[in-house]
Amino acid sequence: MSFKILLQDKKGDLCSSRKGLDGKSRSRFNRATRDSSGFAVDPFKQSCWANMPPELLRDVLMRIEDSECTWPDRRSVIASAGVCRSWREIMKDIVKTLQISGKLTFPVSLKQPGPRNGLIQCFIKRDRGNQSYHLYLSLNQACNVEGKFILAARRCRRPTYSDYIISLNPEDVSRGSSNYIGKLRSNIFRTKFTVYDAQAPTTGAKITKSRSTRIMGMKQISPRAPAGNYAVAHVSYGLNILGSRGPRRMQCIMDAIPASVTDPYGVAPTQTELLPASLNLSPSQSFHRSKSIQMDNLDDETPHSHCEEMLVLKNKVPRWHEQLQCWCLNFNGRVTVASVKNFQLVIARENSTGEQEQEKVILQFGKVGRDVFTMDYQYPISAFQAFAICLSSFDTKIACE
């Protein structure tokens, strides 16, 4: 009997247990059936599946978890939490956090640091016509599947800046959407970018004042997540005014990640829940701008005075290949097309604790097709932060190339 049939049988048992003598449905949280002796019995304990030995159930779920190749198999493991309380507790014990398992399971996993022991492999598809970008999870290189959708972004180009709106839904990418989770904004030269999170990354995070927080019609949904933008990273590209030949120079200051995460026992901030969007804007209001409002000065927002307390990432310097006559980086087969957009980010020398840490690639991004790019990341950054940093590479840089 397949795992899905077991879940269907259990669902049928629960539906029948919620029926009263009069045929009307009763709430499983407020009602309880009675056995022949007259004592109240929990409907969850009436089913034979609830009485399955925990050791047997744990072994079955672990076999499914270990043999997964595509997302539906893992979805079956997560669905087992809805069978009964005992199944739910076992599922919580089997499905580990992202840092331990290296698997994106829930939406909040997109805001949590990646695994410590390896890169999570993803890829980005670019749609030039719609100015949109879709991030997919590549579960296994051996699987012939397109991948599972993770995040979507849409570019909104303005005369003095560019905005990349990031959403959980590819069909609903807007600032006023309930699927909105953050954005990326550039300066006028497209050389400096700020990553904003719609939700506070850490306790006590300060709201960054920008035009979005001054739009009329705001509505606060949760008192724990005040409406506003929280700056979580600053990305800057080195100027190349003389037009000398060479790769881009790139630096990322992670505002929400302390430099102490590089220590052996360091811990990166982790969000435990994904709250709904804190803005309720109509489509006409989403990007309304007043002429009296001036462009935010991203240079002033960059926390230069506190860089020593924050994690700093810099691009790994490529080497010049005499035979190929080009700059080369070792992407371990993940990048196949030469492009100025390709990069690898490592921990800056001032934050690293040794030579090994300086060589450890935290994020790598590269081209494999005309509109297909790979994106691999690991601890201490999240999928959301990695995606936003990679989006900054798509913008045309003035005086950088």
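A search of the whole structure, which is a predicted model, finds 0 disulfides. Cys122 illustrates this: the nearest cysteine sulfur belongs to Cys390 and is 9.3 Å away, and Cys122 is in no disulfide. For a disulfide, the two sulfur atoms would have to lie within 2.5 Å. Cys390 is likewise in no disulfide, its nearest cysteine sulfur being that of Cys252 at 9.1 Å. Cys122 has a relative accessible area of 1% and is therefore buried. Cys390, with a relative accessible area of 0%, is buried as well.

The aromatic residues come next. A pair of aromatic rings is described by the distance of the centres and the angle of the planes. The structure holds 10 aromatic pairs. In one of them, the ring centres of Phe123 and Tyr136 are 5.3 Å apart and the planes meet at 15 degrees, so this pair is stacked. Phe123 belongs to strand E3 (residues 120–127) and Tyr136 to strand E4 (residues 132–137), and the pair thus links distant parts of the chain, 13 residues apart. Phe123 is buried, because its relative accessible area of 13% falls under 20%. Tyr136 is also buried, at 12% relative accessible area.

A further pair has another geometry. The rings of Phe373 and Phe394 have centres 5.0 Å apart and planes at 90 degrees, so the pair is edge-to-face. Phe373 lies in strand E16 (residues 372–377), whereas Phe394 lies in the segment after helix H8 (383–391), so the pair ties together parts that are 21 residues apart in sequence. Phe373 is buried at 1% relative accessibility, and Phe394 is buried with a relative accessible area of 8%. Both residues take part in one aromatic cluster, which is formed by Tyr133, Tyr164, Phe343, Phe365, Phe373 and Phe394.

Aromatic rings also meet charged groups. The charged end of Lys111 sits over the ring of Phe384, 5.2 Å from the ring centre.

The structure contains 1 cavity of 30 Å³ or more, and the largest cavity holds about 130 Å³ of space. Its lining comprises 16 residues, of which Lys111, Pro201, Pro269, Ser382 and Gln385 lie nearest the centre. Strand E10 (250–258) and helix H8 each supply at least two residues of this lining. By class, the lining of the largest cavity consists of 9 nonpolar, 5 polar and 2 charged residues.

The open spaces include a largest pocket of about 520 Å³. This pocket is lined by 26 residues, and the closest to its centre are Trp327, Cys328, Ala338, Ser339 and Asn342. Strands E13 (326–328) and E14 (343–347) each contribute at least two residues to the lining of the largest pocket. E13 gives the most, with 3 residues. The lining of the largest pocket divides into 14 nonpolar, 9 polar and 3 charged residues.

Most residues other than glycine have a negative phi, and most peptide bonds are trans. Tyr379 and Pro380, however, are joined by a cis peptide bond, with omega at about 15 degrees. Pro380 is placed in the loop between E16 and H8, the elements named above for the pair of Phe373 and Phe394.

Gln131, a residue other than glycine, has phi near 55 degrees and is found in the loop between E3 and E4. At 30% relative accessibility, Gln131 is partly exposed. The phi of Arg190 is near 60 degrees, again positive in a residue other than glycine. Arg190 occupies the loop between strand E7 (180–186) and strand E8 (192–197). Arg190 is buried, with a relative accessible area of 5%.

Lys360 lies between helix H7 (355–359) and strand E15 (361–367), in the loop that joins them. Its relative accessible area is 27%, and Lys360 is therefore partly exposed. The C-alpha atoms of Lys360 and Gln344 are separated by 9.7 Å, although these residues are 16 residues apart along the chain.

Terms used
Residues are numbered from 1 along each chain as its sequence is written. This is a predicted model: local features need pLDDT of at least 70, side-chain atom pairs count only at pLDDT 80 or more; totals for chains, interfaces and linings use all residues. Side-chain values use heavy atoms; hydrogens and water are left out. Rings of Phe, Tyr and Trp (its six-membered ring) pair if their centres lie within 6.5 Å; planes under 30 degrees apart count as stacked, over 60 as edge-to-face and the rest as tilted. Helices (H or I, at least four residues) and strands (E, at least two) are DSSP runs, numbered from the N terminus. Buried means under 20% relative accessible area, exposed over 50%, partly exposed in between (1.4 Å probe, protein chains only). A charge sits over a ring if NZ of Lys or CZ of Arg is within 6 Å of the ring centre and within 35 degrees of the ring normal. On a 1 Å grid over the protein atoms alone, a cavity is a set of points where a 1.4 Å probe fits but cannot get out, and a pocket is an open set with protein on both sides within 12 Å along at least five of seven lines; lining residues have an atom within 4 Å of a point. Grid points are joined across faces, edges and corners, and a volume is the space filled by probe spheres set on the points. Ala, Val, Leu, Ile, Met, Phe, Trp, Tyr, Cys and Pro count as nonpolar, Asp, Glu, Lys and Arg as charged, and the others, Gly among them, as polar.
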